[in-house]
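Please open the structure in your viewer and keep the selection tool at hand.

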Amino acid sequence: MTAQLETERRPLVELQGVTKVYGMGTAAMQALRGVDLRIDEGEFVAVMGPSGSGKSTCMNILGCLDTPTQGKYLFKDVEVGSLTRNQRALLRRHHLGFVFQGFNLLKRTSAVENVELPLIYRGIKAEERRSRAARALAAVGLAGWEHHTPGELSGGQQQRVAIARAIVTEPAVLLADEPTGNLDTARSIEIMELLTAFNRDQGITIIMVTHEQEMAQFARRVVQFRDGLVSVDQANGEGR
Amino acid sequence: MLTNTLLLALREIRRNVLRSFLTILGIVIGVAAVIVMVTIGGGATAQVTEQIASLGSNLLMIRVGQHMGPGQTTSAPPFGLADAQAILREIPAISAVAPSSSQRLTAVYGNANWTTTANGVDNKFFTVRNWAVPSGRQFLETELRAGKAVCVIGSTVVKELFGNQNPLDKSIRLGNFSCQIIGVLEAKGQSTFGSDQDDLVLVPLRTFQRRVAGNQDISLIQVSVAEGRSTDKAKNDIEELLRIRRHVIGAENDNFQVRDMKEITKMLTGTTQILTTLLGAVAAVSLLVGGIGIMNIMLVSVTERTREIGIRLAIGALEREVLLQFLVEAVVLSSFGGLIGILLALTGSIGLASLLKIPFIFNPGIMVIAFLFSAAVGIIFGFFPARKAARLDPIDALRHE
Ligand SMILES: Nc1ncnc2c1ncn2[C@@H]1O[C@H](COP(=O)(O)OP(=O)(O)O)[C@@H](O)[C@H]1O
Ligand SMILES: [Mg+2]
């Protein structure tokens, strides 16, 4: 059963002995010390671990925002470390979606315009852009809120706009670094249900950093970081 | 890609109306200043040209001496009436000749006195200068021949000596003789030379020679070139004739000078044009300062918008797309500033022109130039901040507070 699954699934991202060193000389700080991690298409992975253990650093590398100091990062068999800045930007544009802890929406910009943003960079025509953005907002339960600016929305609503913006391009992977870090439990659970739905219905691979066990429950696999290394990597609900 | 960038830039501008307005204020003022200066300067030049044309473009002025300058005298011999008669006789292109002689003196009426220029002339003076006598009359043949004590006076003299009284038939003292006023010249106003054209008294030439100058000298001969004849040719003919009459030999310098209005026009419009250029240049500097203002505010805006830039980069914006967006923002803003400046300049120069009594001349050329220049300012001064934005590291930018 497991063997069969492994042959069916194709690796989406793969870290091989990845290290990341910030700074130089005596001030050098080793954030990652040789991470091996493979995540396949369609997975929902929760990344956990104490603060400072390298989770965000790892997410930045997976999100092609940063490159490893040493080791290999393969995204769909492409060696990301050898790509130029612009090539990595194009990879993000076409394959990745981001959700941040601080929402990171454009201020004074309506929800629908925020969601349209990645479509503009993809060069999609105005009409299609509008309808896709509206559909994405509807999918996160914000139909009717299209013309509200972030300042007029609650935290939970803002994070849902951010999720709509991340999934509107139908990315291969959605990377979420503590997406519920600024929300109360009820709001957090709503967000998790949304992510679960996108993972299940659209097959979007989700990699999510969280501190909270309760949120990690929604994932099907949990990766634990400790001191710049993966310490535990197990399927969720094992033994449950 | 450009339409998308334009869209993004326009959204950004619309979102920050106040900031956008402050950014372009310098450009608005700079463009407006340049256009107003150049337009007003152009109006002044046109006015000068028109005033000279009103003197008569077929007018030639023949003076004694080598270089024309205010109040200049040289040791060259004066003209005589015979010279004027010879010009009329020998040169067919000349339709009228007005010999004259002049001197500064004081005119007195009652207890008002006024220092003015007395000119001894004949009736041809009115013809060649195209100058009417709306109240009163010109000289009679008998008055000219007998050297009667009569005069035609300019409107400034009327104002200074008579105020609102009617001067006709009154007598004024000119130096040491008194004469009767028979006419008042049409007012011509300030001349382009800066002097008052209406500040003069005309008396018959013979009267002047006997009672003021005490000699037969002619200091100025003004001639009209007949309609359709070349002034250049007439000028050459006069020079040739006078050289013979005054015994100027070979390569010797002429001891007289023939000037036409074209030269004077060139000289004067040259002066106003230099002034216009100068003022325009000063205004252009203010446009440059406006450009630096744009750069300044764009740089601040890049810092202020670091997080926005981070979001764009994370989403997959290319370096050159961010660069282009900021550049387009700068250019759209500065062009917009240019447009507002043009509108401001139009109303401003129409108002200023009517205030200064200068004709308003619509000059589309300078507006196009000012507009293009303001767009160029956007590109030049927008580039540095735009590059700064484009080169930000997305992770740092996203973390920026
Ligand atoms: N840009 C940076 N420069 C220097 N050190 C950094 C930088 N980013 C992260 N670090 C350090 O790397 C370590 C791992 O950080 P991070 O990946 O953010 O941890 P986590 O997300 O698990 O809390 C921390 O000790 C942090 O101080
Ligand atoms: Mg972190």
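**A tour of the salt bridges**

Begin by selecting Asp40(A) and Arg38(A): the two form a salt bridge, with the closest N and O atoms 2.8 Å apart. The model is predicted. Display the accessible surface for this pair. Asp40(A) has a relative accessible area of 10% and is therefore buried, the limit being under 20%. Arg38(A), at 34% relative accessibility, counts as partly exposed.

Next, select Arg129(A) together with Glu116(A). A salt bridge joins these side chains, and its closest N and O atoms are 3.5 Å apart. The pair links distant parts of the chain, 13 residues apart. To see this, colour helix 5 of chain A (residues 126–139), which holds Arg129(A), and helix 4 of chain A (residues 111–121), which holds Glu116(A).

Are the two partners buried or exposed? Arg129(A) is buried, with a relative accessible area of 6%. Glu116(A) is also buried, at 0% relative accessibility.

As background, side chains of opposite charge can pair when their charged atoms come close.

Now move to chain B and select Lys233(B) and Asp237(B), whose side chains meet in a salt bridge at 2.9 Å from N to O. Where do these residues lie in relation to each other? Both belong to helix 8 of chain B (residues 231–245), and because they are 4 residues apart in that helix, about one helical turn separates them. Lys233(B) is partly exposed, with 49% relative accessibility. Asp237(B) likewise counts as partly exposed, at 22%.

Staying in chain B, select Arg305(B), Glu308(B), Arg312(B) and Glu329(B). Salt bridges with shared partners join these four residues into one network. To place these stops in context, the count of salt bridges over all chains comes to 23.

**Chain B as a whole**

Finally, select the whole of chain B and switch to a cartoon view. Chain B contains 13 helices and 10 strands. How much of this chain is buried? Of its 401 residues, 48% count as buried.

Among chain B contacts between residues at least 6 apart in sequence, 79% join residues at least 24 apart.

Methods
Residues are numbered from 1 along each chain as its sequence is written. Chains are lettered from A and ligands numbered from 1 in the order in which they are written. This is a predicted model: local features need pLDDT of at least 70, side-chain atom pairs count only at pLDDT 80 or more; totals for chains, interfaces and linings use all residues. Side-chain values use heavy atoms; hydrogens and water are left out. Buried means under 20% relative accessible area, exposed over 50%, partly exposed in between (1.4 Å probe, protein chains only). Helices (H or I, at least four residues) and strands (E, at least two) are DSSP runs, numbered from the N terminus. Contact means heavy atoms within 4.5 Å.
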